[in-house]
Amino acid sequence: MRRLLLLVPLLLFTVGCGVVQSSEGEATDGAREVARKAGQRLYGQRPRTADEVGRSASGIDGVEVLRVTGTSTNEGHGIEVVVRTSGSAYNGWLDAEPVAVRRCFAVRVSPTSQWREDPRDVDCPDGPPLTFAPPPQPPRLPYEELRAKLPRVPEGARVDEAEVRRTLAALDLDPAIRTEVKADGGRVGVLLSVKGNGFDAQDCLLARVGPGATEVWVPPRIQRMPGEGGCTVGNALNPIPPPH
């Protein structure tokens, strides 16, 4: 009986250590899940630079970016981002305070990476988290200037495509603004756009010059989303019905 009583504290200590280890493991799994979800957010086929990927990762809640290697997602093995995340788990009846851990993981971003790919456990690099400059602002599209300068053609007259092109050239547009002009059915359509990121609504401006009417407008946001066809010169000539 006495020997049994002496074993009880040892058993409790052993069980307690096991709970602590299990809690730390659960906390680490939680940190790993944060890194895995970050990988999901970064996943995609669109080519991106190391700065673009790092900037995107640094904006995810609970993620610190410690290192970024690679040049482009579509070159070689892609981009590898080392992130630091945290997780916590309770010790059960041993302690009311949770066990908290901070761990580092390598997340790969490449067209060949898998959805929900497991991040790789790595040692945390020395030094503070990386910071990234905000992305450059796209140039302003000249709505008012275009509306004021495009020719007004009387009813029954012919629209001169060359004059429309000269008007655009005289606006001295930012080189980042792409222009497209197309004539069809006695009218001339105009598209001014800037390159989008492939996910958010694209910035674009449409115009149509026809006998008796010159119009300039920005398509609704839903039409400017990738794949919706709103930012095309065809939409300038034959507008897509607005969403209800």
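Guide: We may begin with Thr85, which is located in strand β2, residues 79-90. Please keep in mind that this is a predicted model.

Visitor: Is Thr85 buried or exposed?
Guide: Thr85 is buried: its relative accessible area is 2%.

Visitor: And what does the side chain of Thr85 reach?
Guide: It reaches the backbone oxygen of Ala31, at 2.7 Å.

Visitor: Which residues is Thr85 in contact with, leaving aside neighbours within four places in sequence?
Guide: Among them are Ala31, Arg32, Val34 and Ala35, and also Gly62 and Val63. Val101, Arg102, Arg103 and Phe105 are likewise in contact with Thr85.

Visitor: Let us change topic. How many disulfides are found in the whole structure?
Guide: The search finds two. One is formed by Cys104 and Cys124, with the sulfur atoms 2.0 Å apart. The other joins Cys204 to Cys231, at 2.2 Å from S to S.

Visitor: Right-handed or left-handed, for the link of Cys104 and Cys124?
Guide: That link is right-handed, with 105 degrees about the S-S bond. For Cys204 and Cys231 the torsion about the S-S bond is about -75 degrees, so that disulfide is left-handed.

Visitor: And what is the pairing, in sequence order?
Guide: With the bonded cysteines of the chain numbered in that order, the pairing is 1-2, 3-4.

Visitor: One last topic, then: how many aromatic pairs does the count come to?
Guide: The count comes to one aromatic pair. Tyr43 and Trp115 form it in an edge-to-face arrangement, 5.6 Å centre to centre and with 75 degrees between the planes.

Visitor: Where are Tyr43 and Trp115 in the chain?
Guide: Tyr43 is in the loop between α1 (2-42) and α2 (50-58), and Trp115 is in the loop between β3 (98-109) and β4 (120-122). The pair links distant parts of the chain, 72 residues apart.

Visitor: Why does Tyr43 count as partly exposed?
Guide: Tyr43 counts as partly exposed because its relative accessibility is 28%, which falls between the 20% limit for buried and the 50% limit for exposed.

Methods: Residues numbered from 1 in each chain as written. Predicted model: local features only at pLDDT ≥ 70, side-chain atom pairs only at ≥ 80, totals over all residues. Heavy atoms only, no water. Phe/Tyr/Trp six-rings, centres within 6.5 Å; stacked < 30°, edge-to-face > 60°. Helix = DSSP H or I, 4+ residues; strand = E, 2+ residues; numbered from the N terminus. Buried < 20%, exposed > 50% of the residue type's maximum accessible area, 1.4 Å probe, protein only. Polar contact = N/O pair within 3.5 Å; in protein donor to acceptor, adjacent residues only side chain to side chain. Contact = heavy atoms within 4.5 Å. Disulfide = S-S within 2.5 Å.
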